[in-house]
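Keep the sequence and the 3D view at hand while reading.

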Amino acid sequence: MRGDGDGDVLVLAPMPLELRAFVRAAGLTRGAPLAGRGAHRGVVGGRSVTALATGIGTGLAAATARDALDGAGPAHVLVVGIAGAIPPHHAVGQRVDPVVVRDAGTGADFHPHVFGDDASARAGALLTGDELIRSPERLASLSREGVTALDMETAAIAAACEGRGVPWSVVRAISDLAGDDQVGATVDGGLARADGRPDLGAVARYLARGPWRIRGLARLAGQAQRAAGVAAEEAVRRIERSR
């Protein structure tokens with residue numbers, strides 16, 4: 001692996017919400033596109049930083065990561081965003097620092113590199129997969145296996161990085177609890193597009209069938225914004241301490 005104490009940092013955030021939080025926290029500005037996507041660039045702690053959104057899910061994350069790695073040649077990749085907690089681990093707004101990231105599809109394990117943080121504080125496993133896990137029995141089984149949180153991109157990005165010999169790490173924060181009915185409705189109802197933007201037509205139809213549902217959507221949106229901010233601020237701190 002290449003050393004990552006100097007050189008450019010590539011920040012990958014799945015959704016625009018997560019990207020915006022990091023861009024604000026890092027003080028980045030819009031720059032030249034990368035991997036066919038809008039990118040934001042700037043300097044954090046003396047290191048050049050490029051940030052872009054990958055889209056939701058393992059397929060988009062892997063493809064965007066590979067293209068961005070080829071186009072940017074970074075010294076380190078930092079995945080930033082939100083995650084769902086498996087009860088009783090973590091609370092909404094709490095940071096996730098996994099020892100290992102596991103691919104739900106292949107079973108492969110990936111270990112984050114130390115990057116401006118104390119590796120001794122890490123605990124548990126982050127499980128990456130495209131399946132929305134809602135069964136209490138399945139969630140309880142994962143908890144017994146040491147899985148504390150779920151996401152849909154990190155393992156795919158890790159695989160792309162390791163395939164190209166680029167160190168990587170992850171900063172996530174909890175936006176919801178796995179099994180939350182509102183999360184299930186949002187995903188199953190197709191309220192978000194693949195790029196993470198809301199599908200306004202689908203949202204309108206969803207609310208037309210039950211106007212009271214707006215409270216759940218507002219709660220989930222608020223939690224996501226809070227968690228994205230926590231992850232973004234921690235990501236900036238780690239970049240500043242990485243040299």
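## Strand E5 and its partners

In this predicted model, strands E5 and E11 pair in the parallel sense, with 9 bridges between them. Within this pairing, Ile82 has Ala173 of E11 as its bridge partner.

E5, which covers residues 76-85, also pairs with strand E1 (residues 9-13); the sense is parallel and there are 4 bridges. With strand E10 (residues 147-151), E5 pairs in the antiparallel sense over 2 bridges. Gly84 stands opposite Leu150 of E10.

## Burial of E5

How many of the 10 residues of E5 are buried? The count is 10 of 10, and the strand is described as mostly covered.

## Arg172

Arg172 belongs to strand E11, which runs over residues 168-177. Is Arg172 buried or exposed? Its relative accessibility is 1%, and because buried means under 20%, Arg172 counts as buried. The side chain of Arg172 reaches the backbone oxygen of Ile82 at a distance of 2.6 Å.

## Ala228

Ala228 is part of helix H7 (residues 214-240). With a relative accessible area of 2%, Ala228 is buried as well.

Which residues does Ala228 contact, leaving aside neighbours within four places in sequence? They are Leu17, Glu18, Ala21 and Ile82. Ala228 and Phe22 are 206 residues apart along the chain, yet their C-alpha atoms are separated by 7.8 Å.

Key: Residues numbered from 1 in each chain as written. Predicted model: local features only at pLDDT ≥ 70, side-chain atom pairs only at ≥ 80, totals over all residues. Heavy atoms only, no water. Buried < 20%, exposed > 50% of the residue type's maximum accessible area, 1.4 Å probe, protein only. Contact = heavy atoms within 4.5 Å. Polar contact = N/O pair within 3.5 Å; in protein donor to acceptor, adjacent residues only side chain to side chain. Pairing = 2+ DSSP bridges.
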